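Thanks for coming, everyone. Please have the sequence and the 3D view open while I talk.

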Amino acid sequence: MEAFKLKRRTLRITFTNTAKAIDEEITKSQVDIKLRELSSQLTDKFQRLETTQESIFELLLNENQENEYSKDFNKAEICRERYLSLKSKIENFENNSESQSVKSSCDRKYSLPKLELKKFNGDIKSFLGLWSQFSRIHEDGEMLSEDKFQYLIQAITSGTRAASPIESFPPTAQNYPKAIELLKETFGRGNLLVQVYVRELIKMVMKNAISERKCADLTTLCDQLESHLRALDTLGRSKEKFADFLSPLVESCLPEDVLRAWERHRTSSILNNDAELPVNSQISLENLMAFLRQEVNGEEMISLARSGFGCQGKS
């Protein structure tokens, strides 16, 4: 009996090591020879492990050790499920890789770099970017929860505020949903994220007031406004529902000369169309952002013209 158990222990270790190696290979973009070799090794180790396990089962039944038999059977089933899950993942991966290879050979003649998980350090403004990428792993029905936990740990910057709640859990399948729930509760609450981006807009208003409504870089200002508005839209605070609140904030972020130009543009549009001021704040906000982007494009064209004649920086 002890000889069989020693043999089983050794086989389980080698089986686990091969399974981890396969998980690492599957993260690559294409099937290679190594993955096929590992798949063959996994099958060989599992078959030998099953043979050894059957011998142990037979001895346990002969000795009427029902409790020990039940425990061994459960452990063996976990191993079997792991093996079947890996073989299924390998098969799906090979099928997807083959179809992608055919498509890639027709569409492009180059290989894309492997995507890397975004690192999250606890900055709340970075949470949406992290979750947009990690959610694909989180929603993968075939991946084991303990593997998802390992990817989550890789996505968190060690030693930061974000690492503390995650590292407080042992990385097990049972703790994975708890870790995700705590991560979302700490950094991903909708009302918290909305407050963060609204406060960013208010900061821009305050900065504009302190600088006496002057702006040295209209392009950066426009990019920041669009970034915050997109984030709020992602959180459900869309322009359709919250334009009445967002429009005055955006206008208050603008330097005086741009705000005057916007008022002239809006009045001119109304007179030309022989219409009243737009009642729909959403349309007004969209028009304002379109106007800002036009102003940015104009500034870039002026800068390009000046640089072309060696006059950049001169009035």
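First, the ground rules. This is a predicted model, where local features need pLDDT of at least 70 and side-chain atom pairs count only at pLDDT 80 or more, while totals for chains, interfaces and linings use all residues. Residues are numbered from 1 along each chain as its sequence is written, and side-chain values use heavy atoms, with hydrogens and water left out.

Now the overview. The protein chain has 12 helices and zero strands. Here helices (H or I, at least four residues) and strands (E, at least two) are DSSP runs, numbered from the N terminus. Read from the N terminus, the order is α-α-α-α-α-α-α-α-α-α-α-α.

How much of the protein chain is buried? Of its 315 residues, 36% are. Buried means under 20% relative accessible area, exposed means over 50%, and partly exposed is in between, with a 1.4 Å probe and protein chains only. The chain exposes about 19900 Å², and carbon and sulfur atoms supply 51% of that. Those areas come from the Shrake-Rupley method with a 1.4 Å probe; for residues, only the protein chains shown count as cover.

Next, contacts, meaning heavy atoms within 4.5 Å. Take the contacts between residues at least 6 apart in sequence: 70% of them join residues at least 24 apart.

Let's look at a helix pair. Two packed helices are described by the angle between their axes and the distance between the axes. Find helix α5, residues 145–155, and helix α7, residues 176–187. Their axes come within 9 Å and cross at roughly 40 degrees. Axes are lines fitted to C-alpha atoms, for helices over the stretch in contact, and angles run from 0 to 180 degrees between N-to-C directions.

Which residues meet there? From α5 we have S145, K148, F149 and L152; from α7, Y176, A179, I180 and L183. By class, this contact has six nonpolar, one polar and one charged residues. Ala, Val, Leu, Ile, Met, Phe, Trp, Tyr, Cys and Pro count as nonpolar; Asp, Glu, Lys and Arg count as charged; the others, Gly among them, count as polar. On spacing, an α-helix has 3.6 residues a turn, so residues three or four places apart point the same way.

Move to helix α4, residues 127–138. Its buried residues are F127, L130, W131, Q133, F134, S135 and I137. What covers them? The cover includes α5, α7 and α8 (190–210).

Now the cavity. On a 1 Å grid over the protein atoms alone, a cavity is a set of points where a 1.4 Å probe fits but cannot get out, and lining residues have an atom within 4 Å of a point. Grid points are joined across faces, edges and corners, and a volume is the space filled by probe spheres set on the points. The count is one cavity of 30 Å³ or more. The largest cavity has a volume of about 40 Å³. Its lining is R12, F46, L49, E50, Q53, A76, C79 and R80. Two elements give two or more residues to that lining: α2 (33–62) and α3 (66–107). The largest share, four residues, comes from α2. By class, the lining has four nonpolar, one polar and three charged residues.

Last, some single residues. Is G122 buried or exposed? G122 counts as buried because its relative accessibility is 7%. G122 sits in the loop between α3 and α4. Leaving out residues up to four places away in sequence, G122 touches R161, A162 and F187. G122 and F187 are 65 residues apart in sequence, yet 7.3 Å apart in space, C-alpha to C-alpha.

R189 lies in the loop between α7 and α8. R189 is partly exposed, because its relative accessible area is 32%.

Finally, E167, in helix α6. E167 is exposed, because its relative accessible area is 54%. The C-alpha atoms of E167 and I153, 14 residues apart along the chain, are separated by 7.9 Å.

Methods:
On a 1 Å grid over the protein atoms alone, a cavity is a set of points where a 1.4 Å probe fits but cannot get out, and a pocket is an open set with protein on both sides within 12 Å along at least five of seven lines; lining residues have an atom within 4 Å of a point.
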